[in-house]
Structures are given as structure tokens and as C-alpha cells.
Amino acid sequence: MSAATPGPAALGAVRALLRSLSSARQIASLYPAGHPNRQEAVRRALAAIERLRQASSGDPVLFVVRHGFYLGPTLLARESLSLFRLAEAFEDAGIEAVEFLSGVGDEDVDMLVRALEERRPPNGEGGAITINRVRAARAGAETREERLSDLRRAYATSLEILRETGSRVLDGQLIDLETAMTVVEQLADEVVRDPSQALLLTTIKSYDEYTYHHLINVCMLSIALGHAIGLSREQILLLGLGGLLHDVGKVALPDEILGHVGRLTEEQWRLVQHHPVEGTGLVFATADGLFHPAASIVLEHHAAYDMSGYPSLSGRDLPSAPARLVSVADCFDAVTSRRSYRAAVGRREALAILDAAAGTGFDPRMVRVFVRLLGLLPIGSLVELDTGEIGLVVRHPETPPALPTVLVVLDANRNTVEPEERELAETDASGEYRWRVVRSLDPGELDIDVLELLFTGSLREPAPPEPEPEPGGLIHEPSHGEPVPEGYVDTHNQHTNGHR
Amino acid sequence: MVSTADIASAAARELLRQLSIGLSVYRLFPGEIEHTGFVAAVERIRDAAQKALRSGTVHAEIRGGHQIVLEDGTTLGDEQAGRLALACYERGVEHLHVVGVPDAQDLATVYEALSQPEAEIAVYGGLDPALAARGVTTLRFGDVAPEPVDEVARSLERLSPEVRELWEQMEDPQLLAASLLAGESSTSPMVAARTVYARFKAIADALPDHLTSLPRFAGSLARSVRHMPGPVRRELTTLLIHKAATDVLAERAIGDLNDPEMVDLILDLAEEGADPIAVAREVVGVCARHRGLVDLTQSIIEARKGDSSSHPIVAAISLAADDSVAQQAVTDLATRRLMDAEQGDLEAIRAELAGIDSRALALAVFTDYVRNEEDRERLGQVLEVWVDHVRAALEAGDTVEVAGLVKAADDAFAQADEELREMLEVQRGRILHPPLVADFVQRSRDAVARDHAIAALGIFGGLAVDTLLDALAEEENRDRRAVLVAMITALADDHLDRVEKRLADERWYVVANAVTILGRVGNRPDAFTALERVTAHPEPGVRRRVASTLLPAGGRAALGPLRGLADDPDPGVRQAAVAALGGVAADEAARTLADLVRTGVHGDVCQQALAELGRHPASESAALLEGLAARSAKPRLPRRLRRQAARLVHARGTRR
């Protein structure tokens, strides 16, 4: 058994293993024992186990604790979030620890996969894969991770449900509004309980599952915004549901558009700009969805404050207030995400983009409230202090515009340090502020995994480069106030970017 | 070589300087004439006075509160005798005469008077009488000269009326703003701001220099700014600030504002996103107002009263002084201001959300969706859900909801192409499906429930009539048929065409149903015309129904067709026709019956017509019967009929 902190290679290998186990579990539910597809899935998992063993100094142990995956003592933040159902399957099967000894064979892996698929303890001995022989040391578990546990669980559940929703839509089925509302209620509970942590969580982005992460983020931002405004729970849930579904029309976009890198054709842009209507159709076509108030958010979130957006709305001077609120959150999350035609902008710059488009794309009042919610140094921002240290803005004080709390994670030489919180409002004996923010930073610039940081409260050496999926060609169409990509065509208004 | 005059002047300057210093010392130790500092001062004054008085009495003039000018024109400034000059000036003194060497008591008395409030001195009629009353003779003080002539008023009299009008606008910022903006129609606030400034400069050019040099002139522009529309106001403020470094008029416009006025302008820019600190620093840089603003900030800090009229930007400006205490004030005051503004935003958003008419919004969204949806399959799915909603509302008896849902679809598809409208019609036709209609019929046995059902179904117009007619065609239960007929009759008034179409149906019972409905809708010419067309229907059952319904539908006009049906080959039809004729009260009906008795082809018709005539209320009935009973009648009736007619005549006579 290896108790040492795993190295980057081992972390990369265990991530691949978890993905292959997740895939094998799903294949096992579709095909009978002995089916070639099952055998192939098992072989892939076996190959991942062998890679993991090679990268580990001893026998690697995978723990599953509180819906989180750990390799030895190290939390696997992204996998804990994105492979929520696999974690559930482990827990339902009563598997808390899996030790991969030498000589693991197909049968061992198949035993594990069957247990996960059937969600019950494995039958018989696992040979070179031992189950629950060792226990996770629970004492001294990270308090931050515990604090985020419920929120992370809500986020992960939402992600799974959105994946299922996406599958349903692609299969020509309808969305399940009731389940979606359950997700929103869970998220709302968590956001209201600790808005700062929720806002931190909205920094999570995914290149390969952009839309789903974006939907959850916008949902949480909208809920937080509604909470900050002082709306009723019913109104907050409406905003949350609208946020969760606002881009559901994109799920049905053809792969050749979603996966397209580079310039889209006019017809492709037309399809992209049809997504609010497509999404509204998906909502309306559900039993409870016709005339659902959230539909206005789905339909109007690109209509723009000055009604210059799409689709055109009849008989109204403005998009609905809920749509105007969610559109602010939508833009913020969109522009802070990486796209095929440009890098993600920082959270502070994103607020500037919103501010620039206030009065045209967005309702100025709602932009002001949103900026106030996030603060001029938004939660989740990476900042450099005058000491040269790098930190993450993790909390804002109750009373604006007092200064935020920053979790310092890198020293002036960019070496990881034991995270330490700095209250920027703190002054020295002469009344001078002890620390000042020099500038905001892009996480990508420093190769900082914010998700890792959020869940573990610390940074570790980056994992070796994995075969990362290409960023989707269309991650999000341009928002108000930001430059349009080359070749962008506003097919709704029949204008090209040269004429806007 | 130094002249005597120079020596005298120097001695006089020294005396006045020592007198000024003595005043400062006295104010440090007021009333303490034996204080060593004051004693020393008195000695220095005594020495200086002895020297100066060698050349005679010393005369000096107090000018503007900060200068003392000797007879030879020598001027002592702030740093030499400023305190003495100011003390004299504030108490209305314009001239100072030193006529003797003052002792400590004299000086103490003078300094005490120069430290007293002006009002207390005024009680004595001025400083000189006050000192004379206290026995001071070595120092004498003269009053300020009379007020000069008002140059402004005098110069205004010399102005042309147009220019004078311009000047008068300066007194009223609101009027000035309106005048400067008059006729300005540019959509660009920046262009408008430049126009305003150019106009103001033109006014300045038109006015004489001594007027435009007055502080209130340039300040009037800045004060008028607040009365302009927001975008122009902010552009003009920005313009003035930017120009202040190079343009005298702009510099004075900004510089002559007092602190709160300036703060208002900066705050205005800040609320639109400008960095208030940067703007404030620019103002400070170009207008040399730094010291005053810092003073104001400091007074805010010292007072710590949280004066809400003070603006955070005032405090913000003091950041330029790197004052950490001021920074705290910035935070406090800015916080309050931000929170006030934010509260306004929050309340406005809350109010807007609370005021949303969810129903109206939902219907508007539905309309927009339909207008924009290109996927017919998806639209079909949505319409199926719409059908379910309408059915549910119908089942719940929620007529308002039903009407709203139907109207939403009608509105949404109003501009749609034909194919889409056809799609809606198909879906609409699915709403009133057989189980729903059966449920309605079941519930509508109760009259009140029936009224509700009719109101709800009425929303569907002709579609409801068609659906119910279909249901009626299949319904065998007599009670339910009666309910259906009643419902259709109530709904058919505006949709008779739907009913008439059924007259062409191949199923005779469907035609008969339609005939029944047409007969029940009341005296309608179109219904009667339609019924006339089926008097020759091959099915006797239909003709029988027509015979029964012609009269209510056509009134007297039915006599002709009924007469024809009275000769129908089917006895039932004939019987129905004659019975109907008997129901017409007019004389004409009686004559028709009599004619039937005489000419009827079928004996049963003659018998029945005679019986009907016997009961007929028309005035001619009796005479007609008598004619039929007469043996001389042509053609003469068979004896059996004549005897029956005679009995009927007799019976009518008996009744009479």
C-alpha cells in the first residue's frame, strides 16, 4: 500500500482509470457478460490500472469517501465532481477502498465492474484487487473539503442530471422539469447557505462539458443574484430554473457545430442563434412546461436590453426582468470561459465587459447589482498582492466596499505554499493596509487548477499533460460587449461583424 | 545715503509691525498684562513708537484686511502686519493714527477691543469711540469710508437690452441651462456639450470684461450644468474639467464652484462609471482647489458627525494628500453612498419582479416562440401539450383559463402561414375528444352545469357545434340526446352553417338531427330556407322531422311547404304536416286546412284537417267549417265529412 502523496504521473493515471471504470460500468449495464464490448471496456480499465501501478511507488489505493475519490491522501477534485454517479456506485456497493496489487487480471477488473454496475458488494475474492482491506484515515480530513461537501454534491448531482437531460434531448425525448426543479432547489439551498462558497464554485469550467458546467454556473449565479436582491424563494427558484435551462437548446446542436474549430458558416451561426427558440420549445413541450414562467428566460436571454438581440420579441419594450437578470449571469460565466476564438477573460475584466454593455446589452441596474454581488475583486479571482504573492479571492465582507479575504497559495517566486488567508482590510500600526492588490491574474497564466484549490485548499504540482479534449469549436456565441469572433454572422439581424 | 524720510518710514513700519506682533502676543495671553511675553512686546512697541514719533504722528491706511499702507505709499503685507490689519478691518477701521507712545494699559485696552466681536464694538459707535471711552488717547482709529458706487449696476445700465438679458440669465441657472440648450437637437451628448460651451463663450464675448471677470459669471455655467439632461450634463462636466488646464473660462467655471457643488458634479460622473478618485485628482490638479478640499475632508473627519450632506468624493479627493485617516472617511462615506444607490436599484428590481403579470408574460412568450419556431415537429409537440392544457381547463370548468389558452394560440398563429394555421386547427380539433364530450354531457344534465359547459364550449365556436353534432349522431340514450340537442341549440346560433352542412349527410338520422336543431334555433330565415330544401328528402323520418320543425323556423312562411307535405306519401309526414298547420293561428292557416279538407288526396288528411280546423282559433274558422258542412258547397264534401263539419260548427257554437 502506498501512503505517500502521489506524483503527477500517478494522478494522471488514476484519472484515466476512473474514466475507464465509469465507461465500463455503463457498458456493463447495456451488454451481457462475455459481450465483446464489455471485454474491451474491461481491457481498457486493466490497461489504466497497469499504468497506475507503474506510476505509483507502491500498491496504489483508491478511496471513495463522502462522494469524493482519493488516490491515497489526495482528493481527486475534478473526478469527484464529474464522476458523481461512479462514486455513488462505489458507495452503494459498499466499496470504500480498492487496492491494486500486482498481477491484476481481466477477471479481477470484471468483478469490480460488475459490483459497480449491480451496486452491491463484489462476489468472492477479487484476487489482485482487494476491497476494503485498508481504511481511509478520516481523522484530520480537510475542513474546507468538508465545508464544500454539500455544495459539491449538489453541483455534481446537477451535472449528472444535466448529462441525462442532454442524452434525453439527443434521443428526441423531452426534458424533465420536475427533476430540474429539484436540482435548482438543492443548489438554491446551498447557495443561500453560503453564497461566497457558491460563487467560488462557479469558477469551475470544463472544456469538454462546457454547456453543462455553464448551465449550472449560470443557475448558481442567478440564484445568488436573486438572493442578494432579496427576492422571495419562489422568485429565486424561477431564476435558478431559467439559469439551469437557458442554454438547453444548445444541447441539440449538431456535433459538427459544437465540435467545430474555427470559422462557422452563416447557416451554422443561424442554428446557433436559434438555440433560445429551440430551448423554449423543449420547455414548452414538457407536460408542466407550457406557459412556465422560466420559459421567458430561455427565450429572451439573448434578446438584449435594447432589444437588438435575438429572437425578436413582439409587443414588448424590454425582455422580461428575470431574463434580464439571468442574461447578466450568462454573459459573466460565458466570457470567463475559454472559447475557440479567444482565451477566457479574468473575472474582473468580465465585470468591465458587463459594465461596458450596460444600457445596450444589459439592464444597467442589474449590472450594478451583479457587480456589487461579486465585488470589484470578484470571488474566485486570482490576484497578485504587493508582496508578490498570489492568492484567490475567497470571501467578501458583509459591508461594501471593504476589502476581501484572499487565500494566498503561491509565494513571490511562484512556489506553492501552505495556503493562508489574508484579510486585505487589515492595517498595521501606522494605519496602512498590510497588503494591497497589484493586479488580477488569469488562472491559466499560472497553470493553477482552481477546482483543485477550491476542494483541497491547496495546490500541488500539475499533473503531466493528458490527452485533453480539444475545446469545443462553439463554446458560446459572443456576448454583448465583447469582440465577436472572426466570421461571426448575426443571422438574426442579417448583419455580419463587419456591419455591426 | 539714507534720507530722513526713509528713516521715518522705516520707523513707522517697525512700529506697525511691533503693534501687530503685540496683538498676537496679547491674544496668546489675553488679559495678562504682566506676562513676560506681553511686557517684552510693550517695551518693543514703546521703543518703536518713540523712534517713529520723532517724525510726527504716524498715519496708516488699512486695506482689504491684509495690508497696511503708510502715507508715503509703503505697504506692509500679510507677513508683516497682517493680523493687525485684519483685526482692524473686521471692526470697520480704515485708518490708524499713532499720536503718542502707548503704555501697557493703553495697548492692553486696544488689543482687547481688537479681540472683541464686532457687534460689541459697534455698541460704542465704532472702535475709536470705544477706546476713547476707555481713556486711550495714544492710538486713534478712523471709520471705513462709505460704500463705493455699485459698478456692476452702473455698467448694466450701459448695456444693450440683448446683452443685459444674457447677463440676467446668469442669475438663474435653470434659465441659463434652457437657453444654452435651446434648439440643440444633436443625439450625441458630446456634440451637445460642445455646443453649450461654445454658446457660453459667445455670451462671455458679448459681455464687458468687468462683468465676465466677476466670480459669479463663470460659476453660473457650472451651476447651470446640473439643470441639463444627464448625458449632456456629464459630457459638459467632463469637457470643463478637461479644458480647465488650458481654458480660462473653463478653469473659472470649475474653480468658482464651492466644494459641495463641485462634489455634486464629480459624483454625477462617478455614478456613471467614472473613477471618482481620478476625476477628483484631475479637478484638484487643474483648479488648485486641493487645499480647500482637504480642509473640508479634515473637518468631516474631525466632526465625525456622519453628515449625510457631505459627499464621499470630497473625502476621496483627500487621498491625494495620502491621509490614512481620510481614507477611512472615504470608505465610510462611500459605503453609505453606494448602499443608498444600491438600495434604490434593489427596490426597483424587486418592485419590477413583483409587478410581473406572469400570465400575460407567459402568453407573450408563447406567441414569440410560435413566431420564431422553425421546427414543425417540435411545434406539433408543443401544441399537443397545449391541447392537454385546454382539456384540463375544460374539465376543471375554468372558462377563463380556456379562453386565455385558446386566445393565446389564436394570437400566436394569427400571422403564421397557412400550413401552421392548419396545424393549429388540427390540434384544436383534438381538444374536444369523445371522452371529454361524454363527460360534459353527463355533467350537463344539471341546468347550471350545462350553462357552464355551454359557456366553455362556446369558446370553440363552430368546432364545438361540429363535435356535439358528431356526438349526437352516435348517441342512443334519449336523455343524453336531449342534453346534446339543448347544448347544440344553444351554441348553434352563430354557426348555423355547421348545422346546415349536416343536411347533406348520407345518414338520414344525422340529417334529422340537423333538422331538429334548425327548427329549435328560432325564427331564422336561413334555417327555414335550409329546412325547405329537405322537404323532399327520401327518408320519411327526415320529412316527418321537417314537418314538425318548419313552423317554428318559418312561421307563416311555413304554410306552403306544410301544405305540400300534407300530401306526402308517408302518413306520418302527412299527419305531422297537418298538425303543424293546425298550430298556425292565422286565418291563412285556417283556409289552408279547409282547402285540405276539400282537396286532400288522402282521406286521413281530410279528417285530420277538419279536426284541426274545428279547433282552430282563427276568426274565419267557423265560417269555413259552415261552408264545408253546407250541402251546397262546391265541390260538395262526402256526407261523412259534412256531418263531421256540422258537428264541429255546432260544438264551436256551444262553446261560444
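I take helices and strands as DSSP runs, helices of at least four residues and strands of at least two, numbered from the N terminus. The model I am reading is predicted.

**Entry: A:Asp411**
I looked up A:Asp411 and found it in the chain A loop that joins β8 (405-410) to β9 (416-423). Leaving aside residues up to four places away in sequence, I list A:Gly388, A:Glu389 and A:Val417 as the residues that A:Asp411 touches. I also noted A:Leu385, which is 26 residues from A:Asp411 along the chain; the two C-alpha atoms are separated by 9.9 Å.

**Entry: backbone of chain A**
I recalled that most residues other than glycine have a negative phi, and that most peptide bonds are trans. Against this background I recorded two places. A:Arg119 is not a glycine, yet its phi is positive, at about 55 degrees. I place A:Arg119 in the loop between α5 (106-118) and β5 (129-131) of chain A. The peptide bond from A:Tyr310 to A:Pro311 is cis, and I noted an omega near -10 degrees. A:Pro311 belongs to the loop between α14 (294-300) and α15 (321-335) of chain A.

**Entry: chains A and B**
How much area do chain A and chain B bury between them? I noted about 3,500 Å², with 62% of it on carbon and sulfur atoms. To the contact, chain A gives 46 residues and chain B gives 39 residues. I recorded six salt bridges between chain A and chain B. I also looked up B:Glu352 and A:Arg365, whose side chains form a salt bridge at 2.8 Å, N to O.

**Entry: a charged patch on chain B**
Which charge does the surface patch containing B:Arg636 carry, positive or negative? The patch is positive, and B:Arg631, B:Arg636, B:Arg639, B:Arg643 and B:Arg647 gather there. I located B:Arg636 in the loop between α36 (621-629) and α37 (639-655) of chain B.

Definitions and conventions:
Residues numbered from 1 in each chain as written. Chains lettered and ligands numbered in written order. Predicted model: local features only at pLDDT ≥ 70, side-chain atom pairs only at ≥ 80, totals over all residues. Heavy atoms only, no water. Patch = residues over 30% accessible without salt bridge, like charges linked within 9 Å, V, L, I, M, F, W, Y side chains within 5 Å. Areas by Shrake-Rupley, 256 points an atom, 1.4 Å probe, with all protein chains shown as cover. Salt bridge = Lys/Arg side-chain N within 4 Å of Asp/Glu carboxyl O. Lys, Arg positive; Asp, Glu negative; His and termini not counted. Charge placed at Lys NZ, Arg CZ, Asp CG, Glu CD. Contact = heavy atoms within 4.5 Å. Buried area = accessible area lost by both parts, 1.4 Å probe.
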